[in-house]
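Have a look at the structure first, then follow the notes below.

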Amino acid sequence: MTKDTTGADRITRRGFLSAPGFALTNAMLAGAAQGAAQNAAGAKTNPVEVLASLIWDLVAANRILADQQVLDGYGHVSVRNDRDPNRYLLARSMAPEITTADDIMEFDLDSNPIDGRGRAMHSERFIHGEIYKARADVRSVVHFHAPSVVLLSVSGEPLRPIYHMAGFLGGGAPLFDIRKSTGRMTSMLISNAVLGQALAQTLGNSTAALMRGHGVVVVGESLQQAVGRSVYVKVNADMQVQALGRNIEYLDPQEAQLASVANDSFPKDWDLWKEKAMKK
């Protein structure tokens, strides 16, 4: 850890990787070593450091989404393993704001743990596994329950982009209704693979899908993109709920597409959010 100019402790990537409490499990190490290869330029990559860096960013993503009030004690974010696309990383069942590297678990796409060690798992991890199965382009998945998206999911109003930072919603966000999908009453949770498949089917090629009376799922081609999209889904939904019943001038589909091209990677946001969240 280092000190910033205000004297606050700041976690650095190097400090994180060398911290006494940081350790990759044998299963993760074996998977990383098996995936070792040379890049196109012929330079060797370090699979352990690549995996460690991914875990570091996933810890940051959990804390960012909590700091931005997207996640509270519930909700979760995952990332596909760069070295093995048939596996993904997700924290154990816990509050995202206090996630550490030791809390990160690896799963196959059936959402079975690679090295469970008796740790509690999210009952809705099937959201992640089934979306990764259905969408080869998706590298990260976020699920959350912000009040504004829950209200939109039951209001009959679609989630649509109000401003340029939510241009990625221009293609629409379909509504998943678990009761209609199953034809029966449920706990509303995506607690098995069949329900995960149904949600993934509703999501289709969209960037987000509302879940009636539950929340939303957001996907991205990178962890950074999925986190940024999730923050701005919440911001857009907050504004949309405030304007319900009024004549809202939404972005035209072409405006949304152009805005998405300009804003959909969120590099400045990611750096700022990570700096703030990892100081806490």
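In helix H8, 14 of the 20 residues are buried, so the rest of the structure largely encloses this helix. Buried here means under 20% relative accessible area, exposed means over 50%, and partly exposed lies in between, with a 1.4 Å probe and protein chains only. Helices (H or I, at least four residues) and strands (E, at least two) are DSSP runs, numbered from the N terminus.

Please keep in mind that this is a predicted model, where local features need pLDDT of at least 70 and side-chain atom pairs count only at pLDDT 80 or more, while totals for chains, interfaces and linings use all residues. Residues are numbered from 1 along each chain as its sequence is written, and side-chain values use heavy atoms, with hydrogens and water left out.

- Helix H8 covers residues 223-242; at 1.5 Å a residue its 20 residues should span 28 Å, and the end C-alpha atoms are 29 Å apart, which agrees. The expected span is 1.5 Å times one less than the number of residues.
- There are six aromatic pairs in the structure. Rings of Phe, Tyr and Trp (its six-membered ring) pair if their centres lie within 6.5 Å; planes under 30 degrees apart count as stacked, over 60 as edge-to-face and the rest as tilted.
- The ring centres of Tyr232 and Trp273 are 6.1 Å apart and the planes are at 45 degrees, so this pair is tilted.
- Because Tyr232 lies in helix H8 and Trp273 in helix H10 (residues 267-277), the pair ties together parts that are 41 residues apart in sequence.
- Tyr232 and Trp273 are both buried.
- A cluster linked by ring pairs takes in Tyr163, Phe168, Tyr232, Phe266 and Trp273.

- Of the 21 residues in H3, 17 are buried, leaving the helix mostly covered.
- A side-chain oxygen of Asn46 comes within 3.0 Å of the backbone nitrogen of Val48 at the start of H3.
- After H3 comes Gln69, which has a positive phi, near 60 degrees.

**Strand E3**

- His76 sits in strand E3 (residues 76-80).
- With 4% relative accessibility, His76 counts as buried.
- Between His76 and Ala91 there are 7.7 Å in space, C-alpha to C-alpha, and the two are 15 residues apart in sequence.

How values were computed: A polar contact is a pair of N or O atoms within 3.5 Å; within protein, one must be able to donate a hydrogen and the other to accept it, and residues adjacent in sequence count only if both atoms are side-chain atoms.
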